[in-house]
Amino acid sequence: MTSLGGQLSARRPGDSPFTIRTEVLGGPESRGVLRKMSDLLELMAKRMDALARLENISELHRASGYGHFAADRFPPGTGLMERIQAIAQNVSDIAVKVDQILRHSLILHSKVSEGRRDQCEAPSDPKFPDCSGKVEWMRARWTSDPCYAFFGVDGTECSFLIYLSEVEWFCPPLPWRNQTATQMAPKPLPKVQAVFRSNLSHLLELMGSGKESLIFMKKRTKRLTAQWALAAQRLAQKLGSVWRDQKQILVHIGFLTEESGDVFSPRVLKGGPLGEMVQWADILATLYVLGHGLRITVSLKELQSNLGVPPGRGNCPLTMPLPFDLIYTDYHGLQQMKQHMGLSFKKYRCRIRVIDTFGTEPAYNHEEYATLHGYRTNWGYWNLNPKQFMTMFPHTPDNSFMGFVSEELNETEKQLIRGGKASNMAVVYGKEASILLFQGKDKFLGVLNKYMEIHGTVYYESQRPPEVPAFVKNHGLLPQPEFQQLLRKAKLFIGFGFPYEGPAPLEAIANGCVFLQARFSPPHSSLNHEFFRGKPTSRELSSQHPYAENFIGKPHVWTVDYNNSEEFEAAIKAIMRTQVDPYLPYEYSCEGMLERIHAYIQHQDFCAAPGPGLPGARAPQSPFVLAPNATHLEWAQNASSAPGAWPPAHSLRAWLATAGRACTDACLDHGLICEPSFFPFLNSRDAFRKLQVPCDSTESEMNHLYPAFAQPGRECFLQKEPLLFSCAGSSTKYHRLCPCRDFRKGQVALCQDCL
C-alpha cells in the first residue's frame with residue numbers, strides 16, 4: 001500500500017482529497033495534464049460514492065433480520081475509496097516535486113545562460129557553413145515538429161546548438177559540453193558467419209498473416225521449400241569454405257502497407273497481377289536461405305519501430321544508429337522512409353536496395369538532371385547509385401538484376417511431361433478479363449482455333465461470366481498447382497500483348513510449353529503507350545516479353561507479327577511440329593538466384609568512398625591496351641587490378657559504339673554485357689587516345705550519354721557527374737565509349753570471375 005499513497009495530512013484545510021494543486025506547475029501544458037488526472041479521479045470518486053450508497057442500502061435490507069451485526073460487518077467500498085484517495089495524494093505530491101524540479105531547473109538554466117551566453121551563439125566556422133542559417137530556422141520553426149522537443153530543444157539558443165551539433169551535424173560541438181557520450185560510436189558487433197538454412201518454418205512465421213498477398217507468398221514459399229534446400233546444398237558445395245558475413249536485413253514491402261493503398265491484396269483472388277508477390281516471396285526465401293538475419297515489415301508502424309523513428313512528423317534523425325546492414329524495399333517504402341527518417345535517410349540511403357520491376361535509368365534518377373532535361377517522372381529522381389535499383393529481368397544493366405525463381409523439374413517429371421503433352425492444346429496468358437482484351441483479336445484467334453483447342457484461366461464471378469469467346473474453354477482462376485498441371489498438358493502458351501514481362505511465360509517454358517508472343521512495331525515505350533508513362537525508363541519493348549525473345553528464343557519462344565495472318569498461321573504449324581523439352585534458364589532457378597544475391601551482398605558496397613571517374617582523377621599510367629585486332633581496349637595483363645573494384649576490372653572490354661547506338665546494344669553486338677561500374681576507368685582523354693580517336697577538344701559536362709565522341713568537330717566529351725554514367729541512351733550525334741564485360745553462362749548478372 002505504501003507505493004499507492006502517503007498520508008492525507010499533507011492536504012490544505014478545505015481541500016478535497018482529489019483536488020490537485022495545479023498552480024504549482026511551471027507551464028500550462030503540465031497544469032493541463034494534472035487537471036485531467038484530477039477530473040478523472042473526481043469522476044471515479046463520485047461513482048464510488050454512488051456504488052457505496054447502493055451497496056449500503058442493499059446490505060441494510062438484507063440484514064434487517066440479523067440484528068446490528070450486519071450493519072458494521074464491513075464498511076462498503078471503504079478499501080477502494082482509500083486507494084483512490086491515496087493515488088490522488090500521490091499525484092498531488094508528484095506535482096509539488098515537479099514544481100521544485102522545474103524551479104531548480106529554471107534557476108540553473110539562468111545561471112548557465114549568464115555564465116555561457118557568449119558560448120551559445122552560432123559560431124562562424126568555415127567547416128560548418130550552414131550552422132547560423134540552421135539556428136535561424138530553429139528559432140522560427142522548432143515547434144513545427146514535436147521531435148525537436150523529444151531531443152531536448154526548448155527554445156533556447158543553447159538547446160538549438162546542442163541539437164544541431166549532437167543530434168544533427170550542422171554545427172560544431174560546443175566546447176563546454178561533455179563530448180565523451182556524443183563521440184563514442186557504438187562498438188560494432190562481432191562478425192558472424194552466415195550459414196545456409198534449409199528449414200523455412202521460421203521464415204513463414206516472420207512473414208506474418210492477415211493479408212491475402214501474404215497468404216499467397218507463404219504458400220509459394222512452402223511449396224518451394226525442397227527446391228530451396230537442394231539449391232542451398234549445391235551452392236554451399238560450389239562456394240566451399242568462402243567466409244560469408246551474416247548481415248542484418250530489414251525487408252519493408254511498401255506496396256502492402258495500408259498507407260500506400262495495398263491495391264494488390266484484394267486482387268489476389270480475382271486474377272490480379274501476382275508478379276510482384278512472386279518476386280517478393282522469392283527474395284525473402286533467398287535472404288533467409290543464405291543465412292542472414294531478417295526482419296519483415298508490411299506496415300508503417302512496424303517500419304517506424306524497427307528504424308527507431310522519434311515521435312513527431314519525420315523531420316528529425318533516428319533515435320539510434322541504424323541496426324540493419326541492408327534494407328530491401330520498393331518505391332512506396334522508399335517514399336515512406338524519406339518521410340520519416342529525417343537526415344538519417346541521406347546518411348543511410350546507401351544501404352537501401354529498391355525492388356523496381358521495370359528499372360530506373362540514370363537520367364531519371366539524378367534529380368537535377370532529370371528536372372533540367374525533361375526526365376522527371378513520378379518515380380525517379382532519388383539520386384541513388386543506379387545499381388541500388390533491382391529489376392525483375394536483366395533488361396537494364398544500369399540496375400542490378402534481382403529476378404525470381406520458377407519451379408525446376410526433376411528428370412522423372414520431365415519424362416512424364418514428354419509423354420503427356422497434347423499436341424493441339426493452347427493456354428492463353430492472362431487471368432483478368434480486363435487484361436486479356438479478347439476484343440479485336442478475332443482474326444488470329446480464328447486461325448489458332450483451326451489448329452488448337454484453346455484454354456483460359458480467366459477469373460470470373462458466377463453471376464458475371466467474363467467476355468470470353470465461346471470456343472475458349474475457361475477454367476476460371478486456378479490455384480498454382482492446378483495451373484502447373486494445365487501447363488504440363490499444353491503444347492502452347494500464347495500471349496496477347498499484355499501483361500508485360502511477367503513470370504508466367506518462364507513457368508510455361510519450364511513446363512515444356514512453347515511461348516508465342518506478338519512483335520511490337522513500333523516498339524512500346526513511354527512515348528506511345530499509356531502503361532509506361534511516368535515510369536523512369538526510356539526502354540523500348542519489341543515484344544510482350546523481351547527477355548524470352550532475346551535470352552531464350554527459338555524453339556522455346558516464337559515472336560511474330562499478329563497482324564500478319566500468314567506469318568501467324570505459319571508459326572502455329574511450325575510449333576505443332578516442333579518438339580521441345582522443359583527449359584529453365586539457370587538464373588531463374590533457386591540456385592541461380594541464391595548465387596546472384598550472394599554475390600551482390602558480398603561485393604556491392606554503395607557506402608564506400610567513390611573511386612576514380614571524374615576528369616583529372618585518373619591514375620598517371622593507363623591500365624588499357626589496344627586489342628590485337630585494334631577494335632577495342634582491354635585491361636593490360638601487366639596492369640595491377642583496381643583494388644575494391646567489382647566486377648573485377650580485368651574483365652573490362654571497351655568499345656566505341658557506332659553513332660546512335662546505346663552501350664547496352666553495342667556490348668550485346670559483341671556477345672558482352674554493358675557494365676556501368678567500369679565507366680570511371682574510361683572517363684579520360686587517354687581512353688580515346690588509346691582507341692585512336694582524334695579529340696581536337698575535350699569538354700566535361702553532365703550528360704547521361706558521356707563519355708562520347710562527336711564526329712562533326714571531332715569533340716570528345718567526359719562525364720562530370722558519376723551518377724549519370726549510363727549504359728542506356730543514344731543519340732545520332734554521338735559515338736558512345738562503352739564498357740563491356742563477359743558473363744557466366746546462364747547468369748548474365750555475374751562475370752566469369754565475379755564469384
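**Salt bridges and ring pairs in a predicted model**

Okay, let's start with Glu595: at 1% relative accessibility, Glu595 counts as buried, where buried means under 20% relative accessible area, exposed over 50%, and partly exposed in between, with a 1.4 Å probe and protein chains only. Quick housekeeping: this is a predicted model, local features need pLDDT of at least 70, side-chain atom pairs count only at pLDDT 80 or more, and totals for chains, interfaces and linings use all residues. Residues are numbered from 1 along each chain as its sequence is written, and side-chain values use heavy atoms, with hydrogens and water left out.

So who does Glu595 pair up with? Glu595 makes a salt bridge with Lys238, with the closest N and O atoms 2.8 Å apart; the term means a side-chain nitrogen of Lys or Arg within 4 Å of a carboxyl oxygen of Asp or Glu. That pair links distant parts of the chain, Glu595 in helix 23 (residues 590-603) and Lys238 in helix 9 (residues 225-239), 357 residues apart. Helices here are DSSP runs of H or I with at least four residues, strands are E runs of at least two, and both are numbered from the N terminus. Lys238 is partly exposed, at a relative accessible area of 40%.

Next one: Arg539 and Glu501 meet in a salt bridge, 2.8 Å from N to O, and both residues are buried. Then there's Asp696 with Arg714, at 3.2 Å, N to O. Here Asp696 is exposed at 51% relative accessibility, while Arg714 is partly exposed at 38%. Salt bridges with shared partners also join Arg234, Lys238, Glu591, Glu595 and Arg744 into one network. The structure holds 24 salt bridges.

On to the rings. Phe, Tyr and Trp rings (six-membered ring for Trp) pair if their centres lie within 6.5 Å; planes under 30 degrees apart are stacked, over 60 edge-to-face, and the rest tilted. By that rule we get 39 aromatic pairs. Take Tyr364 and Tyr375: centres 5.1 Å apart, planes at 75 degrees, so it's edge-to-face. Both of those tyrosines, Tyr364 and Tyr375, are buried. For Phe493 and Phe515, the centres are 6.1 Å apart and the planes at 40 degrees, so that pair is tilted. Phe493 sits in strand 10 (residues 492-494) and Phe515 in strand 11 (residues 514-524), 22 residues apart.
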